[in-house]
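Below is a short briefing on model confidence and charged side-chain pairs.

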Amino acid sequence: MDPPFDVWNLSSSLLSLWINRFYIYLGIAFGISLWICFQVAIKKQAKNSQEKSVPKATQDLTTNGYLSLQKKQIFVSGVKIFYGSQTGTAKGFAAILGKAVSSLDLPVEVINLKDFDPDDHLIEEISSQNICAFLVATYTDGRPPESAEWFCRWLEDAASDFRFGRNYLKGVRYAVFGLGNSAYQSHFNKVGKRVDKWLWMLGARRVLARGEGDCDVVRSKHGSIEADFMAWKAKFIARLQVLRKGEDKSCGGHCKRGKCDSRLQDSEEQEQEQEPEPEPGPACRDGPWPADTQEEEACESSGEEELGPGDHPSLNAVVDVEDLGKIMNHVKKEKREKDRQEEKTGLSRNPGESDGGEGRAMITPALREALTKQGYQLIGSHSGVKLCRWTKSMLRGRGGCYKHTFYGIESHRCMETTPSLACANKCVFCWRHHTNPVGTEWRWKMDQPEMILKEAIENHQNMIKQFKGVPGVQAARLEEGMKVKHCALSLVGEPIMYPEINRFLQLLHHCKISSFLVTNAQFPEEIRNLKPVTQLYVSVDASTKDSLKKIDRPLFKDFWQRFLDSLKALAAKRQRTVYRLTLVKSWNVDELQAYAELVSLGNPDFIEVKGVTYCGESSASSLTMANVPWHEEVIRFVRELVDLIPDYEIACEHEHSNCLLIAHKKFKIDGEWWTWIDYNRFQELIQEYEDSGGSRSFCAENYMARTPHWALFGASERGFDPKDTRHQRKSRSKNIAGC
């Protein structure tokens, strides 16, 4: 039977549509195209109507009917004027400069450096598009005024601290005007010069040559300090107007080093304006603000001064901490023949003797200058002390170091020092870039331990005093910090090389100061002869002979046997012992079984596993950021290692230092960890030991204390003391925090 007529017609229509589908699609596409063109035409017409309504002043900024995106860009969003004043002169100048900037319809903020915390806020200026003007006076003996002391101290520390780096303030634009009196020639405008230099060392860009106001009307370039300031202010305002227009183009990177064409005019202007400075002198100093040290002018933002083929920078010049190794190489090259002759002469004598019966000083003038620039307070001829960044942190209630988490030390009461700057290794991760001397035996002049300890405590206390009035510093902790309770003999070098190390430890304990001594496992005999310490560390930087040679680069030919003998000597100690493992990614993280064998050899109470801290570029090391393991990678390594050493478990964690603690199970009592130290009990035990002439010994379990929950591995605090407030420094790079 045939299908109905209406069904046949419907089928025919659908078939026709399918056959002609191409034309249908084409028609739809044509319709959509017309609709899009229509919408574009409407929007263009609306835009033209808006442009016709733009005021004439704005039309002058247009090109071919379109607003220039470049002209709409903001090149200067405002000006921040920072001042440090003792008598009010700098404050008055800051107010005058603020009014001049306001006349340009620019936002301006005048800030007393006393109320400004650079640790929290200076990095914010990287992306703020602000211009920062610093007006700082030089006070008595070349010191900054009280209101600017913390800012200057922070800036100096940051400029010499590898953790910040040479690009920490890259993007900050600044200008400096210093106030001083040329009658005091030795420190005229010293603070202004230093602030200028330190900002440049941290990567900030100088937009105007430094101005120098002189209170001496006879020597003042413009007749008075007020006239000096007004002349600099006029240049600053003119420069500001140029920057606002975006006419100041950055260097394209093709100029000669130190001779940037885009800022050549400013450089020439600065050379004409500034008087030549006195010849630089030695950089040694007894305090943070030396009275007689001359600072060489910092070079322009474009780079260092161009050096000829035979030239190299002086140690007084502006340098980055990462380049210290290179500079020391230059110094060594200059004195190579002399040093070789001295060394031959020294080796031909008995250790510690010279022509006059006394060894030469370990710290040479060049070395003293280099270490002083790094923030060391040097003691005598071979010792030093430096304020740890964790001491500063805990003074401000921002948390303590991993020793606080693992062992309960009070970081704000810890003194970091060494009685020997010399070392028998040249480790690739040395944070001093090998500026310290090396040797396999003591062959230098020796200072007495009483003098070293006395001056170490005095220097440490002086550095603590400088934090009085610093924003955030807690008064109670500042008072406590003046009483040293712990001593970390791990600053630099090999403390155990010091011939009087036992006497030095005895003096520490008599002062009720606990001792944390670190050795590089190259002096087994000295370890065996060592008297009890609160906690004895051995650095286990690798687990095989080849990797140890590669990483530690020891001077001893029999370094591997010395290393093994040192671990065996450690096993004989009854007090607390620690292996310190520094993980260097791609170098020593794949030697788990070998590490486990070393643990069985020394049988330490604790094993600290820490990711290596990158210390910047150095000609003495090939270490890069790629060798720094992430915290989760350290955790994975620790878990795998613990599986191979059944007598140990993971006890504590300090995430901020990228560090974990593995502890022997004997410190886990009734399911609770006792890794902390009862310091009062230790002092009682060591006193009994001394009184008995060494017959009444004691062991690690006699002075242990319970570990708080927040310090344990797996706790939500991840090793941060909840009593403090965690401060995360803003950074654009990988976290390389360490201690």
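The chain of this predicted model has a mean pLDDT (the predictor's confidence in each residue, from 0 to 100) of 78, and 73% of its residues reach 70 or more. Residues are numbered from 1 along each chain as its sequence is written. Local features need pLDDT of at least 70, side-chain atom pairs count only at pLDDT 80 or more, totals for chains, interfaces and linings use all residues, and side-chain values use heavy atoms, without hydrogens or water.

**Salt bridges**
- The count is 28 salt bridges, each a side-chain nitrogen of Lys or Arg within 4 Å of a carboxyl oxygen of Asp or Glu.
- Asp-117 pairs with Arg-396, with the closest N and O atoms 2.2 Å apart.
- Asp-117 is in the loop between strand S4 (108-112) and helix H6 (118-121) and Arg-396 in the loop between helices H14 (389-395) and H15 (402-407), so the pair ties together parts 279 residues apart in sequence; helices (H or I, at least four residues) and strands (E, at least two) are DSSP runs, numbered from the N terminus.
- Asp-117 is buried at 8% relative accessible area, and Arg-396 is buried at 8%; buried means under 20%, exposed over 50%, partly exposed in between (1.4 Å probe, protein chains only).

**Pairs within a helix**
- Glu-458 and Lys-454 form a salt bridge at 2.8 Å, N to O, and both lie in helix H16 (residues 449-465), four residues apart.
- Glu-458 is partly exposed at 34%, whereas Lys-454 is exposed at 52%.
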